[in-house]
Amino acid sequence: MNPNPLLGGLTPQQFLADYWHKKPLLIRGALKDVGPHVDYPWLASLAQQDDVESRLIECRGGDWRVEHGPFRAGRLRKLPATDWTLLVQGVNHHLPHIADILWRFDFVPYARLDDLMISYAPPGGTVGPHFDSYDVFLLQVGGSKRWQIAAQQDMTLVDGAPLKILKDFRVEEEYVLEHGDMLYLPPRYAHYGVALEPGMTYSIGFRAPSAQELASQFLVYLQDRVCLDGRYADPDLAWQAEPARIGEAMVDQVFDTLRRVSWGRDEVADFLGHYLTEPKAHVFYDGADEELEEDAFADAARERGVKLDLKTLILYRDGAFYCNGEKLEVEGAAVESWEILSNRRELAGEQVAASMLKVLYDGWQLGYWHLC
């Protein structure tokens with residue numbers, strides 16, 4: 001593969017082998033052309049919406065305060081000139097050119113990409129010294145920010161703080177990021193950013209679910225798919241002097257029943273397809289703006305092509321395709337076209353296979369994708 005400007009001239013293979021999950025990487029001038037400017041008033045208006053996750057963090061005299069959106073316009077107008085940060089998650093769901101930036105990180109599988117968060121801070125704005133449990137790229141957009149980082153093992157947190165603030169942060173390296181500079185940090189790498197001038201940080205984050213979350217969600221997946229025959233019965237029940245005791249015979253019978261619940265790699269893969277594409281609770285889709293019958297939609301799709309909605313994710317494995325938590329009905333002749341749509345997030349009209357038109361029409365009505 002060719003060197004990637006986002007990675008400072010490294011190829012994706014070099015980055016993944018030498019840095020991913022291993023050590024930080026500072027990339028000067030990684031991305032200066034970020035498209036139309038997202039200013040603070042626009043970000044503030046987004047933070048006032050019910051379907052957007054946002055936070056406001058202030059620190060004065062060592063006293064941390066965190067508020068969660070949606071915010072009233074008056075609250076955001078009353079903010080002081082320094083020492084606060086507004087963070088808005090999933091901006092890629094609302095602006096196409098921000099989504100384009102996120103999908104440029106496709107040297108990591110889409111199954112691992114999470115979202116692009118934008119934080120705005122005036123001078124002194126910070127979220128404190130902390131660590132993340134996932135990989136992150138921090139792109140400076142406008143202004144400048146000082147970043148201090150450390151590979152420390154002491155992750156003790158400040159007691160009682162509303163944020164996960166490191167109690168004893170020990171600086172090992174320091175950088176000042178200007179517009180277009182980017183810093184990659186692996187999981188659990190301590191970092192502390194403070195705005196020197198008004199500006200934004202575009203944070204490209206990656207999914208790293210905990211083992212507990214994966215187990216819990218897999219059990220939810222199984223409960224809708226497990227089908228065991230029979231019913232508990234004890235025709236040989238013997239009298240026991242202590243009626244409140246759970247008998248060993250009951251434990252043995254239920255143990256044998258539950259041992260019949262089994263799964264393999266195919267079930268795990270199917271679970272991941274549903275789980276990884278499931279939209280977050282606050283994400284909603286708007287139906288199609290046009291009113292087209294199925295035949296008219298088919299003609300339009302073949303003429304204009306289709307593109308995924310900013311909030312839609314399609315993942316696939318071995319001919320099985322998953323979209324927004326659902327498994328799509330895909331025929332073999334259309335697999336190549338679905339793969340193109342999944343990877344490129346857009347499909348030209350001449351690439352629309354006849355056997356995919358019914359599924360495309362249903363998804364178009366739901367707002368999962370749109371006509372180009």
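The model is predicted: local features need pLDDT of at least 70, side-chain atom pairs count only at pLDDT 80 or more, and totals for chains, interfaces and linings use all residues. Residues are numbered from 1 along each chain as its sequence is written, and side-chain values use heavy atoms, without hydrogens and water.

Select Arg-75 and Glu-67 to begin. They form a salt bridge with the closest N and O atoms 2.6 Å apart; the term denotes a side-chain nitrogen of Lys or Arg within 4 Å of a carboxyl oxygen of Asp or Glu. Arg-75 is buried at 17% relative accessibility, and Glu-67 is buried at 17% (buried: under 20% relative accessible area; exposed: over 50%; partly exposed: in between; 1.4 Å probe, protein chains only).

Next, select Arg-245 and Glu-242, whose side chains meet in a salt bridge of 3.1 Å, N to O. Here Arg-245 is exposed at 53%, while Glu-242 is partly exposed at 46%.

Proceed to the open sheet, ordered β13-β14-β15 with antiparallel pairing. β13 (314–317) and β15 (326–327) are the edge strands; each has a single partner strand, so one side of each lacks a neighbour in the sheet. Strands count as DSSP runs (E) of at least two residues, and two strands pair if DSSP finds at least two bridges between them. Select Leu-315 to find its bridge partner in β14, Tyr-322.

Finally, select Asp-318 and Arg-317, joined by a salt bridge at 3.4 Å between the closest N and O atoms. Asp-318 is exposed at 69%.

Definitions and conventions
Helices (H or I, at least four residues) and strands (E, at least two) are DSSP runs, numbered from the N terminus.
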